[in-house]
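This briefing is meant for a reader meeting the structure for the first time.

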Amino acid sequence: MKMIIREAKKDDILSCVNLTLEAFDIKKNIVSCDLNKKLNDKDNLILITEHKNTNIAFAVLEKRGPNKVPFIDLLVVKKKFRNKKIGTVLLNSIKNKLKGLKVKNVLVEVESINPELINFYLKNEFKITGYIKDYFDPNNDAIILSYVIKQRKSQISTI
Ligand SMILES: CC(C)(COP(=O)(O)OP(=O)(O)OC[C@H]1O[C@@H](n2cnc3c(N)ncnc32)[C@H](O)[C@@H]1OP(=O)(O)O)[C@@H](O)C(=O)NCCC(=O)NCCS
């Protein structure tokens with residue numbers, strides 16, 4: 001399947017909003033406001049997967065906190081394209097973008113009530129490194145998963 005992965009432009013935001021609404025029960029104006037803000041924020045990167053001139057997936061990578069730790073803030077694949085490795089390919093593209101930067105890990109927080117999603121990240125070489133009890137709701141913890149960035153060989157210094 002032929003796909004292009006590229007950085008988002010202003011024109012892409014509406015399709016990202018619609019992809020988000022298809023996946024989550026959330027208000028349109030909140031998503032729209034959030035994504036427009038992230039598009040113009042140097043600590044956020046929005047990547048788009050395009051197939052036949054249609055945006056079929058997107059991801060938001062956000063550098064959080066004083067140490068600018070990279071987090072996968074959002075990763076959404078259009079429903080009819082799920083389970084075709086499109087999410088995995090987009091995740092690999094994020095991992096590649098982080099190679100060579102001075103970061104050791106990329107993190108994601110997932111709801112504990114969503115074992116399928118936890119499984120998706122485990123299959124993609126993330127490891128569970130922590131949790132925050134009752135973070136989302138009582139009995140719905142945040143599970144923190146982390147992927148260790150594999151640096152390019154040329155960038156590993158020899159002693
Ligand atoms: C999670 C998501 C991005 C995965 O993308 P995808 O392209 O469907 O995933 P892939 O095809 O690369 O990998 C699928 C694997 O992940 C697993 N998986 C994890 N979460 C899943 C989900 N919600 N739906 C379907 N499969 C899921 C499947 O078991 C599958 O394993 P397999 O290949 O051994 O059969 C996609 O299902 C999605 O958009 N979900 C809704 C939005 C969401 O919850 N995003 C995460 C917020 S950070």
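In this predicted model, the buried residues of α1 are covered by elements that include α2 (28–39), β2 (44–51), β3 (54–64) and β4.

**Helix α1**
- Helix α1, which spans residues 13–23, has as its buried residues Ile13, Cys16, Val17, Leu19 and Thr20.
- When α1 is viewed down its axis, these buried residues fall within an arc of 165°, so they line one face of the helix.
- An α-helix has 3.6 residues a turn, so residues three or four places apart point the same way.

**The largest nonpolar core**
- The largest nonpolar core comprises 32 residues, and those with the most contacts inside it are Cys16, Ile46, Leu47, Phe58, Ala59, Leu75 and Val76.
- At least two residues of this core come from each of α1, β2, β3, β4, α3, β5 (105–111) and β7 (140–148), and β3 gives the most, with six residues.
- Leaving aside residues up to four places away in sequence, Ala59 touches Leu47, Ile72, Leu74, Leu75, Leu90 and Ile94.
- In soluble globular proteins, nonpolar side chains tend to be buried together.

**Around the ligand**
- The ligand is surrounded by 18 residues, of which the closest are Arg82, Gly87, Thr88, Glu116 and Phe120.
- The elements that contribute two or more residues to this shell are β4 (69–77), α3 (86–98) and α4 (115–123).
- Sorted by class, the shell around the ligand holds nine nonpolar, four polar and five charged residues.

How values were computed
Residues numbered from 1 in each chain as written. Predicted model: local features only at pLDDT ≥ 70, side-chain atom pairs only at ≥ 80, totals over all residues. Near = placed C-beta within 6 Å. Helix = DSSP H or I, 4+ residues; strand = E, 2+ residues; numbered from the N terminus. Nonpolar A, V, L, I, M, F, W, Y, C, P; charged D, E, K, R; others polar. Buried ≥ 20, exposed ≤ 12 C-beta atoms within 10 Å, placed from the backbone. Arc of directions from axis to C-beta. Contact = placed C-beta atoms within 7 Å. Core = buried A, V, L, I, M, F, W, Y, C linked by C-beta atoms within 7 Å.
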